Amino acid sequence: MVYDLAKNLDKEKFDVSIACRNSKGIFFTEIKSLNLPIYFLEITVPIKPYFTFLSRIKPFKNFIKENKFNIVHSWHWSSDWSEVVASRLGKAKFIYTKKSMSWGNLHWKIRSFFSNHVIITNHEMNHFLPNKRNKSIIPFGVDTDYFRKESIKSIIQKENFNIITVANLVPVKAIEDIIKAIHLLNTPQIKLNIIGSDCGDYPEYLKKTVAELGLEKQVKFLGKHTDVRPFQNNSDLYIISSQKEGLPVALLEAMSMSLPVLGSNIPGIRFVLEDFNKLLFEQGNYHQLAEKIIYFYKMSTQERVGIGQKLRKHCEDNFSLKMFIQKHEELYLKIVKK
């Protein structure tokens, strides 16, 4: 989302810079290709000890002031509030995007209080900030021209019913629910492809579960891929089984690829699929998920195609990249004029 925003903002109206901690990782190559100013610096500092707090945020405050930034838009995942204080002292307006449904500690409230504006990604986040007047709902957007079914060749064989899930493999994604649902069905033709880094304790737990259930021929761990379209293209069903989500981009990408989807009935997913209640299942209820999977398995190809087309249209109308960029541009201009 940060990449898309930095790339597509109207450069005649906005002078865009990116601040990050380092140049590690494959994705930095794409960031660098934008040919925008990139600064490497530590944006946040520990809140404690309080008596040295102001001196420790001074480098970032001075950076903001010296470069005369009008707006700092933070996508930092945590409840840190050192960056908002530094930005405000540096005379910049501060915005942050609340991406997930985690909330509750005092630091989130402090961060929000000092912010000039808070962006939330679904309407159920409103209860986080009941007294915050300066907030907006801006859902994430997906490039529906890039994520288009017929634009990419499939690499998955079609004699089976192929399910796909794309996720950062951490416990909150509850991938084991999909695995258990497939085990219940006892249908060898139903395959599951899991895309995401398969290194770490949670992926190892999932692999152990697959082995214990005897599903090695049905469940495959395909690792991390920068382009998931070839795997999506000829899959029959996408499933997201998360316990918490703000607004899952991988779900939007699957919908844009005209892929039928199933999602756990939690706020972020429910927001995306509010017009498609039948595609939701109770989170953690893998028996209900199994029923939903077999329903799609028995469905005709034509029926699945029809559902996929409706989901793509819904994505185009409500979660397009164009709308995402436009709403941010309008918000930035409004804030600067205040």
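**Exercise 1. Decide whether C315 and C20 are buried or exposed, then say how many disulfides a search of the whole structure finds.**

Start with C315: its relative accessibility is 0%, so it counts as buried. Keep in mind that we're working on a predicted model here. Next comes C20, at 19% relative accessibility. The cut-off for buried is under 20%, so C20 counts as buried as well. Now for the disulfides: searching the whole structure turns up zero. For that search, a pair of cysteine sulfur atoms would have to lie within 2.5 Å.

**Exercise 2. Work out where L34 sits and which residues it touches, leaving out those up to four places away in sequence.**

Step one is the place in the chain: L34 belongs to the loop between helix 2 (27–32) and strand 2. Step two is accessibility, and at a relative accessible area of 16%, L34 is buried. Step three is the contacts: once residues up to four places away in sequence are set aside, L34 touches Y3, A6, K7 and I18. Finally, take Y3 from that list: 31 residues separate it from L34 in sequence, while the C-alpha to C-alpha distance is 8.6 Å.

**Exercise 3. Which members of the largest nonpolar core touch the most other members, and what does I293 contact beyond its neighbours within four places in sequence?**

The largest nonpolar core has 80 residues, and Y238, L273 and I293 are the ones touching the most other members. Zoom in on I293: ignoring neighbours within four places in sequence, its contacts are I163, A181, L185, I190, L237, I239 and L262.

**Exercise 4. Describe the largest cavity and the second largest pocket by volume and lining.**

Cavity first. The structure holds one cavity of 30 Å³ or more, and the largest cavity has about 30 Å³ of space. Its lining is made up of P139, F140, N318, F319, S320, M323, F324 and K327. Sort those by class and you get five nonpolar, two polar and one charged. Helix 14 (residues 321–337) contributes the most to this lining, with three residues.

Now the pocket. The second largest pocket contains about 310 Å³ of space. Its lining comprises 15 residues, and K149, S235, S258, R304 and V305 lie nearest the centre. Sorted by class, that lining has seven charged, five polar and three nonpolar residues.

Technical notes
Residues are numbered from 1 along each chain as its sequence is written. This is a predicted model: local features need pLDDT of at least 70, side-chain atom pairs count only at pLDDT 80 or more; totals for chains, interfaces and linings use all residues. Side-chain values use heavy atoms; hydrogens and water are left out. Buried means under 20% relative accessible area, exposed over 50%, partly exposed in between (1.4 Å probe, protein chains only). On a 1 Å grid over the protein atoms alone, a cavity is a set of points where a 1.4 Å probe fits but cannot get out, and a pocket is an open set with protein on both sides within 12 Å along at least five of seven lines; lining residues have an atom within 4 Å of a point. Grid points are joined across faces, edges and corners, and a volume is the space filled by probe spheres set on the points. Ala, Val, Leu, Ile, Met, Phe, Trp, Tyr, Cys and Pro count as nonpolar, Asp, Glu, Lys and Arg as charged, and the others, Gly among them, as polar. Helices (H or I, at least four residues) and strands (E, at least two) are DSSP runs, numbered from the N terminus. A nonpolar core is a set of buried Ala, Val, Leu, Ile, Met, Phe, Trp, Tyr and Cys residues joined through side-chain atoms within 4.5 Å. Contact means heavy atoms within 4.5 Å.
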